[in-house]
Amino acid sequence: MKVFISGISGTGMGPLALMAKDAGIRVFGSDLSSGAITNELVNAGINLCLGEQDGTFLKTCAKNEGIDWFIHTSALPEDHPELIAAKKLKLKISKRDEFISFLIKKLKLKLVAVAGTHGKTTTSAMIVWGAKQLGLPVSYLIGTTLPFAEAGHYEPKSEYFIYEADEYDRNFLAFHPWLAVIPVVTYDHPDIYPTKQEYQDAFRQFEAQSEQIIRGDEIAADVTLAGEARRYDATLAIDALARMMPPSRGLKRFQNTRKHIVEAINAFPGVGRRFEQVAEGYYSDYAHHPEEVAATVEIAREEAERRGLEGVVAIYEPHQNIRQSELVSDYADSFVGVKKIYWLPTYLTREDPKRKILTPDEFIVNLSNKKTAEPAELNNTLEDALKKWHSKGYLILFMTAGPADQWLRKLVYAGNQVSAVTDGPHSIQR
């Protein structure tokens with residue numbers, strides 16, 4: 001089988017490309033520019049084109065290689081040139097959920113799906129990390145980069161498939177898990193779920209489709225990771241691994257005991273964009289919801305205290321105005337304990353053009369510690385301020401689902417990063 005993945009460099013589609021390649025499927029793809037997974041794709045020998053997605057590369061692949069299936073992201077508009085080309089070529093067309101379901105059935109895997117408003121990336125990665133440390137073969141898809149493995153992988157000896165099941169676009173309702181792991185459910189994605197009730201109903205349906213469910217009630221006392229939210233996720237991962245471990249046979253490194261599972265999870269090295277240490281004293285996190293922000297701030301404060309630092313300075317870039325308009329009043333206590341807050345303009349995606357765009361000042365006025373906050377831009381003024389805070393011994397915490405992450409990396413790496421790929425129209429990697 002040969003598939004073409006549009007938007008292949010992102011954290012949603014890139015890991016899927018890697019897993020499909022491992023499973024013996026020929027993979028091709030395209031994206032506007034390089035992304036978090038691009039280097040992994042190139043290293044895996046996947047053919048991709050970075051630059052204008054005008055359909056030319058797809059047509060070339062279809063003519064020369066013969067494409068069976070065109071897979072695209074939820075964000076692809078109906079008038080996208082590649083989608084139009086795929087229809088003209090009469091290819092099978094679907095979003096990623098249908099293709100993932102196909103892989104699960106084809107490879108005869110038991111699905112362990114991690115779903116929730118917050119914590120699903122970290123919990124999924126913890127399960128994968130723990131399984132690797134315990135010698136348990138698993139296949140998986142994680143929506144971020146991992147410091148200890150590829151973001152997506154198929155292991156022929158695996159019985160289980162670990163999947164970060166996203167509720168956006170109701171993606172997770174396409175699956176019927178052997179085990180559902182649900183960290184935290186609040187309310188998000190008002191563009192997909194107009195009401196809180198609809199959001200909760202979707203999770204109830206997901207639970208009804210699952211054979212087993214793990215929800216956390218309290219944090220295990222023997223988990224020692226920094227931050228209550230991370231310890232909560234770790235408790236869920238430990239419970240999931242306990243159910244996955246073979247009941248009798250010996251393991252490569254450890255016997256099947258909870259003690260060894262906990263030891264493995266307590267050594268968890270983290271994941272990309274989830275309280276990731278980008279450089280000494282600089283951290284990046286994907287938080288873009290008030291509850292995620294509060295949880296990440298707590299982790300940062302605990303880490304700063306452990307390391308004897310002066311405190312935490314936060315830079316926050318909200319994601320999606322349509323989401324933030326529903327949540328603006330919920331930020332009141334999200335930054336409690338932070339020394340200074342720099343609030344960036346909202347990163348805009350999939351927006352309602354009729355909705356007023358909130359300014360940083362309209363967020364700040366709702367904070368209980370508003371005197372510590374000020375509007376900011378990604379410019380030299382912010383750069384100078386952060387360097388001063390860092391020199392005084394403060395932990396610098398970026399929370400963003402947008403371009404502020406790359407700005408931070410350029411700042412701390414001083415332009416020394418070199419990409420393994422070259423952007424531009426039809427820069428094909430083989």
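A: A residue is called buried when its relative accessible area is under 20%, exposed when it is over 50%, and partly exposed in between, using a 1.4 Å probe and protein chains only. The model is predicted, so local features need pLDDT of at least 70 and side-chain atom pairs count only at pLDDT 80 or more, while totals for chains, interfaces and linings use all residues. Residues are numbered from 1 along each chain as its sequence is written, and side-chain values use heavy atoms, with hydrogens and water left out.

The cysteines come first. A disulfide is taken as a pair of cysteine sulfur atoms within 2.5 Å, and a search of the whole structure finds 0 of them. Cys 49 is in no disulfide, and its nearest cysteine sulfur, that of Cys 61, is 8.4 Å away. Cys 49 is buried, at 2% relative accessible area. Cys 61 is likewise in no disulfide, with the sulfur of Cys 49 as its nearest cysteine sulfur at 8.4 Å. Cys 61 counts as buried because its relative accessibility is 5%.

Next, the nonpolar interior. A nonpolar core is a set of buried Ala, Val, Leu, Ile, Met, Phe, Trp, Tyr and Cys residues joined through side-chain atoms within 4.5 Å. In soluble globular proteins, nonpolar side chains tend to be buried together. The largest core here has 48 residues, and the members that touch the most others are Val 27, Phe 99, Phe 161 and Phe 172. Contact means heavy atoms within 4.5 Å. Setting aside residues up to four places away in sequence, Val 27 touches Val 3, Ile 5, Ile 8, Ala 17, Ala 20, Lys 21, Ile 46 and Asn 47. A second, separate core has 38 residues, including Ile 214, Val 223, Leu 241 and Met 244.

Leu 241 sits in helix 8; helices (H or I, at least four residues) and strands (E, at least two) are DSSP runs, numbered from the N terminus. Leu 241 is buried because its relative accessibility is 0%. Beyond neighbours within four places in sequence, Leu 241 is in contact with Met 126, Ile 127, Gly 130, Ala 131, Ile 261 and Ile 265. Between Leu 241 and Met 13 there are 228 residues in sequence and 26 Å in space, C-alpha to C-alpha.

Helix 8 (residues 228–244) also packs against helix 10 (residues 290–306): their axes come within 7 Å and cross at roughly 105°. The axes are lines fitted to C-alpha atoms, for helices over the stretch in contact, and angles run from 0 to 180 degrees between N-to-C directions. Helix 8 and helix 10 are therefore roughly perpendicular, on a scale where under 35 degrees is roughly parallel, over 145 roughly antiparallel, 65 to 115 roughly perpendicular and the rest oblique. On the helix 8 side the contact involves Glu 228, Ala 229, Arg 230 and Arg 231, and on the helix 10 side Ala 295, Glu 298, Ile 299 and Glu 302. By class, this contact has 3 nonpolar, no polar and 5 charged residues. In that count Ala, Val, Leu, Ile, Met, Phe, Trp, Tyr, Cys and Pro are nonpolar, Asp, Glu, Lys and Arg are charged, and the others, Gly among them, are polar.

Thr 296 belongs to helix 10. Thr 296 is buried, with a relative accessible area of 5%. Leaving out residues up to four places away in sequence, Thr 296 touches Phe 275, Asp 285, Ala 287, Leu 397 and Met 399.

Helix 14 (residues 404–413) has its own buried set: Ala 404, Asp 405, Trp 407, Leu 408, Arg 409 and Leu 411. The cover over these residues of helix 14 includes strand 12 (276–279), strand 13 (282–285), strand 14 (311–317), helix 13 (380–391) and strand 17 (394–400).

Loops reach the interior too. Gln 320 lies in the loop between strand 14 and helix 11 (321–327). Gln 320 counts as buried, at 0% relative accessibility. The phi of Gln 320 is near 70°, a positive value in a residue other than glycine. Gln 320 is among the residues touched by Arg 350, along with Tyr 168, Asp 191 and Ile 322. Arg 350 is in the loop between strand 15 and helix 12. At 39% relative accessibility, Arg 350 counts as partly exposed.
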